Amino acid sequence: MKKTALLNAAISQVIATMGHGDTLVIGDVGLPVPPGVPVIDLALTRGIPDFMSVLQTVLTELQVEYHVVADELAAASPAMAAHIEALGLPQKRSVSHEAFKEQTRRARACIRTGECTPYANIILGSGVVF
């Protein structure tokens, strides 16, 4: 049995197979996922699991080089934007929500949470550990 924080087998598998520059999306319940991008659907009910819990757990295993959020996040959900900012993730890239959705087309997978906060979505770019 794994002894790290991340116990979800599907998420662990995606992270284990990611290379430098590959991306992983963590999204709210409403983020559309493009056809062909695998979805790991964790949504159980409104707010469960919440976005921040999933993000913080994923960060225990994924080496992140950069992250992408939608420009609209700061205005629509300032508390969520502040929580993400407080994590100290490297190289923030902010793009329009439309550009964000376009970038999800290249993701290795999209993790769907039960989050119902507007624009609570992030793209994590994989780094290297050496």
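Me: How many residues apart are Glu98 and Lys101 in helix H5?
Reply: The side chains of Glu98 and Lys101 meet in a salt bridge, 3.0 Å from N to O. A salt bridge here is a side-chain nitrogen of Lys or Arg within 4 Å of a carboxyl oxygen of Asp or Glu. Helices (DSSP H or I, at least four residues) and strands (DSSP E, at least two) are runs numbered from the N terminus. Glu98 and Lys101 are about one helical turn apart in H5 (residues 97–103), because their separation is three residues.

Me: What sort of model is this, and which atoms count?
Reply: This is a predicted model, in which local features need pLDDT of at least 70 and side-chain atom pairs count only at pLDDT 80 or more, while totals for chains, interfaces and linings use all residues. Residues are numbered from 1 along each chain as its sequence is written, and side-chain values use heavy atoms, with hydrogens and water left out.

Me: Is Glu98 buried or exposed?
Reply: Buried means under 20% relative accessible area, exposed over 50%, and partly exposed in between, with a 1.4 Å probe and protein chains only. Lys101 has 23%, so Lys101 is partly exposed. Glu98 has 55%, so Glu98 is exposed.

Me: Which residue forms a salt bridge with Glu85?
Reply: The structure holds five salt bridges. One of them joins Glu102 to Arg105, with the closest N and O atoms 3.2 Å apart. For Glu85 the closest N and O atoms are 3.6 Å apart, and the partner is Lys92.

Me: In E4, what is the bridge partner of His67?
Reply: Two strands pair if DSSP finds at least two bridges between them. Strand E3 (residues 64–70) and E4 run parallel, joined by four bridges. The partner of His67 in E4 is Lys92.

Me: Which residue of E5 stands opposite Val25?
Reply: E1 (residues 23–27) has five of its five residues buried. E1 is joined to E6 (residues 122–126) by four bridges, and the two run antiparallel. With E5 (residues 109–112), E1 pairs in the parallel sense, also over four bridges. There, the residue opposite Val25 is Cys110.

Me: Which residues of E1 point the other way from Thr23, Val25 and Gly27?
Reply: In a regular strand the side chains alternate between the two faces of the sheet. Thr23, Val25 and Gly27 point one way. The other way point Leu24 and Ile26.

Me: What arc do the buried residues of H2 cover?
Reply: The buried residues of H2 (residues 51–58) are Phe51, Met52, Val54, Leu55 and Val58. They lie on the same side of H2, because the arc they cover around the axis is only 160°. The arc is taken from the directions from the helix axis to the C-beta atoms.

Me: What do the buried residues of H2 pack against?
Reply: Contact means heavy atoms within 4.5 Å. By that criterion, the partners are H1 (9–17), E1, H4 (78–86), E5 and E6.
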